[in-house]
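Hello,

Here is the structure I promised to pass on to you. Please open it alongside this note, and I will walk you through what turned up.

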Amino acid sequence: MVMIFNTLLRHLREGFKNVFRNGWMSVASITSIIVSLFILGVFILLVLNVNSFADDADSMVQIKTFLSSNVEDSMREKLHNEIAAMEEVSRVTFISKAEGLRDFREQLGEEGKDLLEGYDETTNPIPDTLQVEVVEPTTVPYVASKIEQLNNKYPDQPIYKVRYGQGTTEKLFKITRAVRNIGFAFVAGLALMAMFLISNTIRVTILARRREIGIMKLVGATNMFIRWPFFVEGALIGFIGSVITVGILFIGYNQLALSVKEDITLAFHLVPLNEVGPQITVLLVGLGLLIGIWGSTVSIRRFLKV
Amino acid sequence: MSKWNTVSHRVRNQGLGRDELIEMQDVWKTYPNGTHALRGVSVKIDRNEFVYLVGPSGAGKSTFMKLIYREEIPTKGQISVNGFNIGKLKPRKIPYVRRNIGVIFQDFRLLPKLTAYENVAFALEVIEAPKKVIKKRVMEVLDLVGLKNKANRDPSQLSGGEQQRVAIARAIVNNPSVIIADEPTGNLDPETSWGIMQLLDEINFRGTTIVMATHNKEIVNSMRKRVIAIEHGHIVRDELRGDYGYDF
């Protein structure tokens with residue numbers, strides 16, 4: 001069926017007009033879209049930040065291989081090469097006793113100065129260390145045990161201890177995974193809820209216009225003709241609602257990101273908006289349109305029978 | 001304009017060579033609740049006729065009319081309107097048949113948020129007529145019903161009689177071959193009713209068939225037309241230039 005350009009314009013005009021004609025009903029629909037999409041947006045941003053925080057934490061996970069005090073340089077080099085040859089390992093760095101002590105002093109800062117007083121090269125309690133970084137953070141425990149087993153190979157037990165935040169690492173992985181999964185489940189649930197809320201609101205709108213639809217049918221309007229303005233109206237409500245949501249969400253997030261940046265006691269930063277903004281905009285506006293259109297088409301279907 | 005007239009002429013000619021516009025053959029209508037609204041009605045209504053449908057409330061007048069514009073389908077029997085077999089019409093085709101039938105109600109059924117002009121234009125927008133045609137044609141029919149200078153008023157700013165005139169303008173704007181009127185004067189005072197009747201008579205004179213259900217004795221008895229009386233779902237009387245025949 002060919003639709004005359006004029007007719008298309010009429011549908012657009014009618015759809016726009018309807019949004020204003022329905023005044024408070026439109027406001028209610030738009031508000032429910034804003035509320036649902038806003039919560040959705042907050043959760044998406046939360047999940048994104050937890051993810052990025054978890055990624056940061058992941059990259060901080062290292063394996064510290066402390067060497068026994070009697071290990072010779074040649075032995076140390078042998079171990080260094082063997083660990084570096086493991087396919088899971090991305091980098092091995094040697095940190096000597098002296099460097100270790102200096103790093104430790106730096107870490108403790110002014111307050112810890114007294115604690116380490118009296119320790120010098122001869123009394124240094126810090127062992128030589130091979131610091132191992134892996135490609136995939138989840139392989140840390142496995143690589144650690146592999147390094148420990150190197151002791152079996154050499155009779156004089158060159159490795160004193162292998163440390164990798166045992167427990168804490170595993171806990172961190174569990175928590176981030178849980179947060180991601182719960183976050184996504186929650187987001188999916190909210191999206192569904194928003195859809196039902198909006199389809200209900202639009203259903204009420206259509207109920208109020210039963211008469212209008214009846215008259216349209218009486219003067220010979222086809223079902224497609226009747227459906228179009230409602231389609232436009234739903235899309236418009238979804239669009240307005242989602243654009244407002246994106247605006248509120250981004251302004252709020254920017255403020256938050258700024259205050260986080262200023263607060264130097266916080267050990268993390270928020271994912272910058274220009275990295276995730278476009279995707280979130282597309283997602284929320286797309287979802288808003290989808291919800292609006294879906295709500296209006298589903299609601300009108302049963303009024304078109306007769 | 002001419003193109004849109006051509007369309008309606010083409011539709012009209014589908015009754016090829018016959019004069020009947022509406023024909024019912026042994027039509028029965030039983031509603032799902034068991035009410036027998038019509039019990040074997042057979043009737044022919046010719047082009048250009050003016051028919052009053054009389055009878056007590058609940059006798060089947062409304063069902064009779066609803067069957068014509070395919071609001072209901074017959075339980076049994078055949079109805080043809082303009083050469084279309086209404087009972088067997090595919091739902092998809094219903095809108096196109098309705099475009100050739102104008103319907104008027106007791107309660108006007110105007111869209112309250114549209115002006116008089118927009119209400120009438122609505123019937124043409126629906127059939128996707130070009131804007132220029134719409135403007136010309138709407139002003140033409142508003143002039144015919146005497147509301148040219150009130151085109152931009154909302155229904156709430158118009159009297160009952162004026163609202164019914166807008167409804168009539170909407171019904172005739174497509175040049176339908178028949179107008180179905182369900183108690184068009186039911187809500188109007190006698191004086192206003194006469195105005196509406198004169199308008200319908202004028203429309204009939206210009207070539208449109210009119211089927212009108214009414215309880216208005218004075219109108220039926222003084223503006224003599226064909227009278228079909230329905231009681232208990234049967235046609236009990238069918239007279240040319242008949243009278244109302246009831247005391248209420």
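**What was found**

In chain B, strand 3 and strand 8 (residues 209-213) run parallel and are joined by four bridges. Two strands are said to pair if DSSP finds at least two bridges between them. Helices (H or I, at least four residues) and strands (E, at least two) are DSSP runs, numbered from the N terminus.

Before going further, please note that this is a predicted model: local features need pLDDT of at least 70, side-chain atom pairs count only at pLDDT 80 or more, and totals for chains, interfaces and linings use all residues. Residues are numbered from 1 along each chain as its sequence is written, while chains are lettered from A and ligands numbered from 1 in the order in which they are written.

**Strand 3 of chain B**

Within that pairing, Phe50(B) has Ile210(B) of strand 8 of chain B as its bridge partner. Strand 3 of chain B also pairs with strand 9 (residues 226-231) of chain B, again in the parallel sense and over four bridges.

Strand 3 (residues 50-54) of chain B is mostly covered, with five of its five residues buried. A residue is buried if 20 or more other C-beta atoms lie within 10 Å of its own, exposed if 12 or fewer, and partly exposed in between, with C-beta atoms placed from the backbone. Both faces of the strand are covered: one side carries Phe50(B), Tyr52(B) and Val54(B), and the other carries Val51(B) and Leu53(B).

**The open sheet in chain B**

Chain B also has an open sheet of four strands in the order 2-1-4-5, with antiparallel pairing. Its edges are strand 2 (36-46) and strand 5 (84-85) of chain B, each of which pairs on one side only. Strand 1 (residues 20-30) and strand 4 (residues 76-81) of chain B are antiparallel partners over five bridges; one place to look is Gln25(B), whose bridge partner in strand 4 of chain B is Gln78(B).

**Helix 6 of chain B**

Helix 6 (residues 160-172) of chain B has 13 residues and reaches 19 Å from its first C-alpha to its last, close to the 18 Å expected at 1.5 Å a residue. The expected span is 1.5 Å times one less than the number of residues. This helix is mostly covered, as 11 of its 13 residues are buried. The covering elements include strand 6 (101-105), helix 4 (116-126), helix 5 (131-144), strand 7 (178-182) and helix 7 (190-205) of chain B. Contact here is between two residues whose C-beta atoms, placed from the backbone, lie within 7 Å.

How do helix 4 and helix 6 of chain B cross? Their axes come within 8 Å and cross at roughly 25 degrees, which makes helix 4 of chain B roughly parallel to helix 6 of chain B. Axes are lines fitted to C-alpha atoms, for helices over the stretch in contact, and angles run from 0 to 180 degrees between N-to-C directions. Angles under 35 degrees count as roughly parallel, over 145 as roughly antiparallel, 65 to 115 as roughly perpendicular and the rest as oblique. The contact involves Ala116(B), Asn119(B), Val120(B), Phe122(B) and Ala123(B) of helix 4 of chain B, and Val166(B), Ala169(B) and Arg170(B) of helix 6 of chain B.

**Over to chain A**

Helix 1 (residues 5-21) and helix 9 (residues 223-262) of chain A pack at an angle of about 55 degrees, with their axes 8 Å apart; these two helices are therefore oblique to each other. Among the residues that meet are His11(A) and Leu12(A) in helix 1 of chain A, and Trp228(A) and Pro229(A) in helix 9 of chain A.

Chain A has an open sheet too, with four strands in the order 2-3-1-4 and antiparallel pairing. Strand 2 (89-95) and strand 4 (159-163) of chain A are its edge strands, and the twist averages 20 degrees from one strand to the next.

Finally, look at helix 8 (residues 210-218) of chain A, whose buried residues are Ile215(A), Met216(A), Lys217(A) and Leu218(A). Their cover includes helix 9 of chain A together with helix 3 (94-98), strand 6 and helix 4 of chain B.

Best wishes
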